[in-house]
Amino acid sequence: HTRLVSDWSSDVCFFRSGTVPLGAEDWMKIALFGLLSMIFLSVFVFAGLLCSVFTRVPVLSAVAFLFAWMTLIFVIPNLGGTLAGLTGSAPTPRQMREARLEIPDRYTLTSTMSADQVASVKLERETAREQLLLSYLRSLVAQVDFGRDLTRVSPASAFSYAAERIVGGGTFRLTHFVDNAVRYRQGFLRAIIEADKNDPKSEHRFVPWWCGGNHFSQLAVDPGPSKVFRDTLPSAGEGLAAAFWDVFLLQI
């Protein structure tokens, strides 16, 4: 592996090569992927045997196997995205922009509001924007999963989805990352609020955009471990549990 480290201030680039250590969790994922690959290959061996049993002519057996292989490998997997796009319910980017522009109308500001009320309304706006973004992401993931459900009859699709979950990639990894980011944000805010409560000079106004004096602690505090974002990868057990039905379909 090669990593490029750039120092833009001096326009100097350094190259450093090394190895990536593999832990027990990594070897477990590799072993599970190898076992999954053997199951996947055995499916087509079994399909070839079936074609030879039901067709006595070798040429017809080869043609039948080729037809089945093309259908299962290329046709069915590629239909999932098309069918999901036609029948899915995920909003379009235009609909998302329109929904975002409607948020200020739902949480209006007036000249008669106090500073606390203005801050509260602005916080509600930001919360609504964040929830809108998360719901859009979940709707896209749901649409992808729906397309996959339509193509799981194909061993190639089941193998691809199972492998993706076992190694920790794709939408499984994306949702795991988003969950980690949301937990980090919530934990970091809780740590800040707890630190602010220990300052007697603070007015403990935890909403942002509030106009005033010492509405929040001016002390330099260390939030502790919550200040570090830890994007933990899905474990081999979590990946195997998520891939259970795909592995089951490959075996039957």
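The structure is a predicted model, where local features need pLDDT of at least 70, side-chain atom pairs count only at pLDDT 80 or more, and totals for chains, interfaces and linings use all residues. Residues are numbered from 1 along each chain as its sequence is written, and side-chain values use heavy atoms, with hydrogens and water left out. Two packed helices are described by the angle between their axes and the distance between the axes.

**α3 and α4**
- Helix α3 (residues 93–106) packs on α4 at an angle of about 160°, with the axes 10 Å apart; axes here are lines fitted to C-alpha atoms, for helices over the stretch in contact, and angles run from 0 to 180 degrees between N-to-C directions.
- Helices (H or I, at least four residues) are DSSP runs, numbered from the N terminus.
- On the α3 side, Pro93, Met96, Ala99, Arg100, Ile103, Pro104 and Arg106 meet Arg125, Ala128, Arg129, Leu132 and Tyr136 of α4, where contact means heavy atoms within 4.5 Å.
- Sorted by class, this α3 and α4 contact has 8 nonpolar, no polar and 4 charged residues (Ala, Val, Leu, Ile, Met, Phe, Trp, Tyr, Cys and Pro count as nonpolar, Asp, Glu, Lys and Arg as charged, and the others, Gly among them, as polar).

**α4 and α5**
- Helix α4 (residues 115–151) and helix α5 (residues 155–167) have axes that come within 9 Å and cross at roughly 135°.
- α4 and α5 are therefore oblique to each other, and their crossing is left-handed.
- Asp145, Arg148 and Thr151 of α4 meet Ser157, Tyr161, Glu164 and Arg165 of α5, a set with 1 nonpolar, 2 polar and 4 charged residues.

**α1 and α8**
- α1 and α8 pack at about 35°, their axes 9 Å apart, in a left-handed crossing.
- Leu36, Ile39, Phe40 and Val43 of α1 make the contact with Val247, Leu250 and Gln251 of α8.
- These divide into 6 nonpolar, 1 polar and no charged residues.

**The second largest pocket**
- Its volume is about 290 Å³, counted as the space filled by probe spheres set on grid points joined across faces, edges and corners.
- A pocket is an open set of points on a 1 Å grid over the protein atoms alone, where a 1.4 Å probe fits, with protein on both sides within 12 Å along at least five of seven lines; lining residues have an atom within 4 Å of a point.
- There are 15 lining residues, and the closest to the centre are Val43, Pro155, Leu249, Leu250 and Ile252.
- α1 (24–54), α5 and α8 (244–251) each supply at least two lining residues, and α1 gives the most, with 5.
- The lining splits into 11 nonpolar, 3 polar and 1 charged.

**Arginine 230**
- Arginine 230 sits in the loop between α6 (170–197) and α7 (236–242).
- Leaving out residues up to four places away in sequence, arginine 230 touches Asn180 and Pro225.
- Arginine 230 and asparagine 180 are 50 residues apart in sequence, and 7.4 Å apart in space, C-alpha to C-alpha.

Definitions and conventions
Angles under 35 degrees count as roughly parallel, over 145 as roughly antiparallel, 65 to 115 as roughly perpendicular and the rest as oblique. A crossing is left-handed if the near helix is turned anticlockwise from the far one by less than a right angle, and right-handed if clockwise.
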